[in-house]
Amino acid sequence: MIDDELMARALSLARRAWDEGEVPVGAVVVLDGEIVGEGWNRPIGSHDPSAHAEIQALRAAGAAVGNYRLVDCELFVTLEPCVMCSGAIMNARIKRVVFGARDAKTGACGSVVDLFGDGRLNHHTSIVPAVRADECILLLKQFFHERRLQKRSP
């Protein structure tokens with residue numbers, strides 16, 4: 001599968017998060033061209049602040065491959081990972097992260113901080129930004145627009 005197709009799958013998972021009332025972010029972990037883990041945002045429904053899409057996908061991939069080290073795996077996510085998720089990505093030894101929308105508030109791949117570019121850290125992951133960015137941004141904008149409208153309704 002190519003980056004575009006894998007981001008399409010992550011977008012599908014992001015829509016699932018939306019359907020569950022969560023911020024629409026989806027993620028997939030890929031090893032040798034095969035999806036080994038999927039996740040979507042679930043912090044609200046699971047009452048777990050760590051239940052971001054990336055963490056869900058990493059947990060599923062770890063279980064699938066039988067190791068918390070996901071060497072040679074790639075992560076595709078619709079939104080730039082935050083510091084928490086970036087730390088987990090580093091600890092898992094993900095070799096490449098492909099993301100859609102930049103996150104000007106919490107992005108840790110260059111938007112706010114660049115953890116993956118910090119030479120003091122012991123693992124370096126390749127970053128590919130802006131894959132299907134317009135779709136990822138639009139999905140988030142539509143979600144938050146709808147939420148604002150719901151708050152205004154009696």
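Helices and core of a predicted model

Tutor: In this predicted model, the buried residues of α1 are Leu6, Met7, Ala10, Leu11, Leu13, Ala14 and Ala17.

Student: What makes them line one face of the helix?

Tutor: Viewed down the axis of α1, its buried residues fall within an arc of 165°, so they line one face. They pack against β1, β2, β3, β4 (96–101) and α5 (133–152).

Student: How do you know that the length of α1 agrees with 1.5 Å a residue?

Tutor: Helix α1 has 17 residues, 3–19, and should span 24 Å at 1.5 Å a residue. Its end C-alpha atoms are 24 Å apart, so the two values agree.

Student: How do you know that the length of α3 agrees as well?

Tutor: The 13 residues of α3, 53–65, should span 18 Å, and the end C-alpha atoms are 18 Å apart, so that helix agrees too.

Student: Which elements do the buried residues of α3 pack against?

Tutor: They pack against β1 (26–31), β2 (34–40), β3 (73–79) and α4 (83–92). Leu58 is one of the buried residues of α3. Among the residues Leu58 touches are Val29, Leu70 and Ile89.

Student: Which residues touch the most other members of the largest nonpolar core?

Tutor: Of its 37 residues, these are Val29, Leu58, Leu70, Leu75, Ile89 and Ile94. The element that gives the most to this core is α1, with seven residues.

Terms used: Residues numbered from 1 in each chain as written. Predicted model: local features only at pLDDT ≥ 70, side-chain atom pairs only at ≥ 80, totals over all residues. Heavy atoms only, no water. Helix = DSSP H or I, 4+ residues; strand = E, 2+ residues; numbered from the N terminus. Expected span 1.5 Å × (residues − 1). Buried < 20%, exposed > 50% of the residue type's maximum accessible area, 1.4 Å probe, protein only. Contact = heavy atoms within 4.5 Å. Arc of directions from axis to C-beta. Core = buried A, V, L, I, M, F, W, Y, C linked by side-chain atoms within 4.5 Å. Lists of a residue's contacts leave out its neighbours within four places in sequence.
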